[in-house]
Amino acid sequence: MPDLFEIMGTTRSMRRLKPDPVPDDLIKKILEAGTSAANGGNNQTWRFLVVKDQAIKKAVQVWYKKAFDEVIGPRYATQAPPPGITGDKYKRQHSAVEYLTEHFHEAPVWIVACLVDGPNPARMAGASIYPAVQNMLLAIRALGLGSTLTTRHMLYAKEADAALGLPDGVHSYAILPIGYPMGKFGPVGRGKLSDFVFLDKWEQPYPAVAES
Ligand SMILES: Cc1cc2nc3c(=O)[nH]c(=O)nc-3n(C[C@H](O)[C@H](O)[C@H](O)COP(=O)(O)O)c2cc1C
């Protein structure tokens with residue numbers, strides 16, 4: 001198994017997935033990795049809905065696609081590529097995003113990461129679920145499976161949560177569509193560290209990352 005740093009460096013969004021089923025013992029491992037993460041006060045207000053039912057996935061996909069058609073698609077069509085991403089790469093990402101949108105419900109299994117409503121204001125709330133989500137993405141990669149962190153369904157949060165059958169007071173924060181990837185894992189593409197990291201003062205270069 002690759003070491004942790006190699007896994008982190010190659011945990012890319014894998015949006016094209018095979019229909020082959022994912023064994024439950026692997027899903028269990030992924031969930032164990034998720035719940036190893038920190039969460040505020042160790043209150044464990046997280047909940048994870050494993051979804052295999054095609055009808056439920058399709059009912060959510062309708063909102064996920066609506067959000068693409070109305071917001072995300074037009075944004076990709078008009079926005080310049082982000083730092084470190086060439087125009088070609090951005091186009092390929094757009095087409096992969098579109099592919100996942102059309103095939104969202106065909107991923108053999110989803111893990112929907114949820115939180116029970118708590119006292120934290122909106123800006124803090126996600127901090128008790130996204131470490132678990134990232135742990136699960138790393139575990140998925142380590143097991144040779146593929147996934148993508150998706151949150152777009154939240155543009156229609158009420159409708160998507162209703163389609164998922166979530167009770168009052170529980171909200172979804174991410175959907176991980178999981179399956180065996182069609183493509184190969186490769187290195188993640190980001191901008192240079194020196195574009196994002198400062199020392200002591202905003203925009204003051206940190207010499208340790210000058211070359212990276
Ligand atoms: C908060 C967040 C929300 C995201 N939501 C979606 C989504 O709804 N659909 C999708 O296809 N990708 C989504 N992504 C994946 C990003 O687009 C992706 O991580 C980014 O383009 C970098 O590509 P990489 O993961 O292949 O390195 C999301 C990522 C994050 C961190």
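Reply: Happy to; we can go from the overall fold to single residues.

Reply: This is a predicted model, where local features need pLDDT of at least 70, side-chain atom pairs count only at pLDDT 80 or more, and totals for chains, interfaces and linings use all residues. Residues are numbered from 1 along each chain as its sequence is written.

Me: Great. How many helices and strands does the protein chain have?

Reply: The protein chain has eight helices and three strands. Both are DSSP runs numbered from the N terminus, with helices being H or I of at least four residues and strands being E of at least two.

Me: And in what order do the elements run from the N terminus?

Reply: The order is α-α-β-α-α-β-α-α-α-β-α.

Me: What share of the 212 residues is buried?

Reply: Buried residues make up 25%. The cut-offs count other C-beta atoms, placed from the backbone, within 10 Å of a residue's own: 20 or more is buried, 12 or fewer is exposed, and in between is partly exposed.

Me: Switching topic: which residues are around the ligand?

Reply: They are R12, S13, R15, Q93, V97, L100, T148, L149, T150, T151, R152 and V188. A residue is near a molecule if its C-beta atom, placed from the backbone, lies within 6 Å of it.

Me: How does that shell around the ligand divide by class?

Reply: The shell has four nonpolar, five polar and three charged residues. Nonpolar covers Ala, Val, Leu, Ile, Met, Phe, Trp, Tyr, Cys and Pro; charged covers Asp, Glu, Lys and Arg; the others, Gly among them, are polar.

Me: OK, helices next. At what angle do helix 3 and helix 4 pack?

Reply: Helix 3 (residues 54-78) and helix 4 (residues 87-103) pack at about 170 degrees, with their axes 11 Å apart. That makes the two helices roughly antiparallel, a label for angles over 145 degrees, while under 35 is roughly parallel, 65 to 115 roughly perpendicular and the rest oblique. The axes are lines fitted to C-alpha atoms over the stretch in contact, and angles run from 0 to 180 degrees between N-to-C directions.

Me: Which residues make the contact?

Reply: Helix 3 brings Y64, K65, F68, I72 and Y76, and helix 4 brings H94, V97 and T101. Two residues are in contact if their C-beta atoms, placed from the backbone, lie within 7 Å. V97 is also among the residues around the ligand.

Me: Where is R16?

Reply: R16 sits in the loop between helix 1 (4-9) and helix 2. It touches A96, Y99, P181, M182 and G183, leaving aside residues up to four places away in sequence. R16 is partly exposed, with 14 other C-beta atoms within 10 Å.
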